[in-house]
Amino acid sequence: MNLNEWFEKGMSPDLYIESLEKHKEDFLYIYDNFTIPNDEAFFEKIRNQNLRAIVLTEDWCGDAMLNIPILLRISEAADIQVKMLLRDQNLELMDQYLTNGKSRSIPIFIFIDENGNETAKWGPRAARVQEFVDHSRSKLPPQDAEDFKEKSSEVHLFMTKSYRDHTEFWSDVYESLKEVLQ
């Protein structure tokens, strides 16, 4: 399938949000509380490109909970149509956008023009958010340790809460997306 066909296959953001179970409250909190910067020149430039975005995501993904609300606010300001595809049901596309050539990390945002040509790709994290994740995970015991699973759950809970509560992460995501789209 080409990217136009993948886009057409996707679900609307509203349908995706309605289907959320794990992170819906935090997703909506970020969406409702992120204030898009007054960046009209940037939005006008993007509007003129008539972009669309394909989002590879899953409900359980904390990074999707953080990043997608920011993308949706940008899409509203810049008239970008967005469609969501669940990663695990669309591995043929996902495997074309592996992180570091090996990982099915999400979310991945694929920006396409009117003809279905890829113009930009973003994901799964802004650089500063990646530094935070790396630092948080560096405190975990080895994977074969007895308490690894428990400690890993604690770290994921901490990171999810941080994504929701630290608005500087929201700004980092916005700036990272803006850089890719310019």
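The protein exposes about 9,700 Å², and carbon and sulfur atoms supply 45% of that area (Shrake-Rupley method, 1.4 Å probe; for residues, only the protein chains shown count as cover). This is a predicted model, in which local features need pLDDT of at least 70 and side-chain atom pairs count only at pLDDT 80 or more, while totals for chains, interfaces and linings use all residues. Residues are numbered from 1 along each chain as its sequence is written, and side-chain values use heavy atoms, with hydrogens and water left out.

As for overall size, the radius of gyration comes out at 16 Å, which agrees with the value near 16 Å for a compact globule of 182 residues (taken over C-alpha atoms; the rule is 2.2 Å times the number of residues to the power 0.38). The C-alpha atoms fill a box of roughly 55 × 35 × 30 Å along the principal axes.

On the fold side, there are 9 helices and 4 strands (DSSP runs numbered from the N terminus: H or I of at least four residues for helices, E of at least two for strands). Along the sequence they run α-α-α-α-β-α-β-α-β-β-α-α-α. Among contacts (heavy atoms within 4.5 Å) between residues at least 6 apart in sequence, 74% join residues at least 24 apart.

Burial (under 20% relative accessible area, 1.4 Å probe, protein chains only) applies to 50% of the 182 residues. Helix H9, residues 167-181, reaches 21 Å from its first C-alpha to its last, close to the 21 Å expected (1.5 Å times one less than its number of residues). Buried residues in H9 include Phe-169, Trp-170, Val-173, Tyr-174 and Leu-177, along with Asp-172 and Lys-178.
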